[in-house]
Amino acid sequence: MPDAVVIGAGPNGLVAANLLMDAGWSVEVLEAQEEPGGAVRSDRGVHPDYVSDLFSAFYPLAAASPVLARLDLDAEGLRWSHAPKVLAHPLLDGRCAVLERRVEDTSAGLEAFGPADGDAWRDMYEVWSRLGPDVVRALFTPFPPVRAGLRVASRLRATGGLRLARNLALPVRRLGEEEFAGEGGRLLLAGNALHADLAPEAAGSGGFGWLMSMLGQTYGFPVPVGGAGALTAALVRRLRRGGGTLRCGERVASVVVRGGRAVGVRTAGGEGVSARRAVLADTSAPALYQDLVGEEYLPARLLRDLERFQWDFATFKVDWALTGPVPWTARAAAGAGTVHLADGVDGLTRFASQLAMGQVPDEPFVLFGQMTTADPSRSPAGTESAWAYTHLPQRIASDAGPDRISGRWDSREQEAMADRVEAQVERFAPGFRALIGARRILAPSTLQAMDENLRNGAINNGTTALHQQLLFRPTPGTGRPETPVKGLYLASAAAHPGGGVHGAPGANAARSALRAHGLGGLLHRAQRG
């Protein structure tokens, strides 16, 4: 009998399992899919000569994460690679806002949009340089982050105090207007905010756009050499080397509860797997509480709160094997790993408004990845392994375009939406379609079938909006991984601090389980050793 059973071998589940193992626990991880990784996987499914990331691809939060740093995955063979430029947002007139690897270069480029905008970016980065390390520590520790929070509060007083706090609470459109005279800096902030489901006019989107922009400026948007699956492979190797067990193709059907305590799980095949000390669930909150545990073990208030749980946007993704580099009209976009495609901040607002109305956007905001630019091992020299994704409503009410897309996602709708994404790319890179050697479509229903935590492709396991963050995540409560069932912990991005590949929800759940057995300090000593 293992000390702990972990449901799900996504990055958070694997981080939790590794940390429990470091503290001396025996651990068994059960994964429903035939391979581990959750939303951190890659394959050669588009073309045998091209490596494609199935879900996530760029990892600034992983690069910043003290959780992953302490696991020393370099010792397991993990290597990182960077594109020459972090991120670009081209405009149809040939101008291009670029987040460069060096702050001096980013600032110089923004001066083409506004004479003082380079200084404004440097000022923003200087604030981050003083505050950022403590923000990262606070972000990746259990809620409430007492020690890190006190350090942030102290730093805040030295960096503008209430005025800075006000800036971070602003909608990203307003923050950009206040800080930058030209469009370049505004585009970098607003595009990064829409990596989550935060419209340019949403309260707090300024803070998220600032965070992602500054993480990119500090750490870049790195990628694992050889594909996203290399990150998962490193976590699995570390787990198995330490004696942990991973079983794939084992769907958990229920959590076994006796006397108000989780004592194990039962698989879809009827096998009971007991846990001596804890069960940790790298699942969505609705799946854990409504499907795996059951109403009889949960407070009525939690069940009512789950009815108000809000998913983030659905996702539609296309992968390509391109026979040559993307022919961007704005040549500065050529060296960027990530490219944002929208007609300025107004285009982002229009896109977000259509989503809010339940419409499939007619001109989607496209996040485009140039993976061979970021990691030359992904495809033959002179070619590009590329992908793009865009967001859709969770429930489609209508199509703002001409294709009558309804969300059935039959072959006609999939092809029509993929063509719409390609048409948006073609506007900024005429001749793009002529380079397509092969493509693969991953509709919302396909993404969910490949990873059940991605409800219709929702990549953050719940909205990033303020009403479902901190002590409101996943429902109003403590913001912590403990659940109403003793010995059961929520270890997924549905828990604080939420989405992104950084391992913090898994680490927080592992620490809580250890602390419940008086072993909280043991983990820190094991990691230091």
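A: A quick word on names first: helices (H or I, at least four residues) and strands (E, at least two) are DSSP runs, numbered from the N terminus. What you see is a predicted model, where local features need pLDDT of at least 70, side-chain atom pairs count only at pLDDT 80 or more, and totals for chains, interfaces and linings use all residues. Residues are numbered from 1 along each chain as its sequence is written, and side-chain values use heavy atoms, with hydrogens and water left out.

Now find the loop between helix H17 (444-450) and strand E21 (488-490), which holds Pro474. Asn456 sits in the loop between H17 and E21 too. Asn456 isn't a glycine, yet its phi is positive, near 55 degrees. Further along, the peptide bond running from Arg473 to Pro474 is cis, with omega near 0 degrees.

Another loop to visit runs between strand E19 (398-399) and helix H16 (411-428), and that's where Trp409 is. Trp409 isn't a glycine either, but has a positive phi of about 60 degrees. With 10% relative accessibility, Trp409 counts as buried (that is, under 20% relative accessible area with a 1.4 Å probe, protein chains only; exposed is over 50%, partly exposed in between).

On to the helices. In H4 (residues 103-110), Val103, Thr106, Ser107 and Leu110 are buried. These four cover an arc of only 95 degrees around the axis, so they sit on the same side of H4 (the arc uses the directions from the helix axis to the C-beta atoms). The buried residues of H4 pack against strand E7 (96-100), helix H5 (117-139), H9 and H10, where contact means heavy atoms within 4.5 Å.

Helix H8 (residues 172-179) has Val172, Leu175 and Gly176 buried. Looking down the axis of H8, you'd find its buried residues within an arc of 95 degrees, so they line one face of the helix. The neighbours that the buried residues of H8 pack against are helix H7 (162-169), helix H9 (183-193) and helix H10 (205-219).
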